[in-house]
Amino acid sequence: MPRLISIIVGIIITLSSSLIFSAPAFAAIGLDNGHLSACPSSPNCVVSQDGDQDHIIEPIAYQGDRTTAKETLLKVLSVVPRTKVIENTDNYIHTESTSRIFKFVDDAEFYFPEAENVIQVRSASRVGESDLGVNRRRIEQIRLAMEDLGNDWLLITGLLNYWITDYRD
């Protein structure tokens, strides 16, 4: 019995310390003069702006206007498992994704600069040291879904334009 209590106390101390020492990652949410926050030194974060070689990820490129790209991203985010939109402004989206088993929360941010056809991204775990690549994979899956939806939108728009051109007269 004393051994079981020691193990439980050890687990509680470990979890508590990981929550205490990783709190700054959550505090870094939001834009600062058109830039997403840099990643902490832990490997559980990716960012497309000013990232070092361990944390850098490409921004998500899009064709067309920013409003359509944002609508497409919101459609994609609506089907990402256990993900909810926390903040949605004209040029910024913040989401929270919760892991299935341990209920860890990751924050993802999407920034739409006015003069560029890209979405700057940042995704970071709130707790722990490693995320086993989950944040990078999540952003890459969102990128692929955006490309798929964008291509379908271009196809639908192209067919609609063809139909309108053919039957307008």
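(Strands are DSSP E runs of at least two residues, numbered from the N terminus.) You're looking at a predicted model, where local features need pLDDT of at least 70, side-chain atom pairs count only at pLDDT 80 or more, and totals for chains, interfaces and linings use all residues. Residues are numbered from 1 along each chain as its sequence is written, and side-chain values use heavy atoms, with hydrogens and water left out.

Now widen the selection to residues 60–61, which make up strand 4; strand 4 pairs with strand 8 in the antiparallel sense over 2 bridges. Pairing here takes at least two DSSP bridges between the strands.

Next, pick strand 3, residues 45–47. This one is also antiparallel to strand 8, over 3 bridges, and V46 has S123 as its bridge partner.

Move on to strand 7, residues 105–111, joined to strand 8 by 6 bridges and running antiparallel. Click F110 and you'll find V121 as its partner in strand 8. The two strands form a hairpin, with 6 residues between them.

Time for strand 8 itself, residues 118–125. How many of its residues are buried? 8 of the 8 are, so the strand is largely enclosed by the rest of the structure. Buried means under 20% relative accessible area and exposed over 50%, with partly exposed in between (1.4 Å probe, protein chains only). Colour V118, Q120, R122 and A124, which point one way, then I119, V121, S123 and S125, which point the other.

Last stop: I101, in the loop between strand 6 (92–98) and strand 7. I101 is exposed, at 67% relative accessible area.

Notes:
Helix = DSSP H or I, 4+ residues; strand = E, 2+ residues; numbered from the N terminus.
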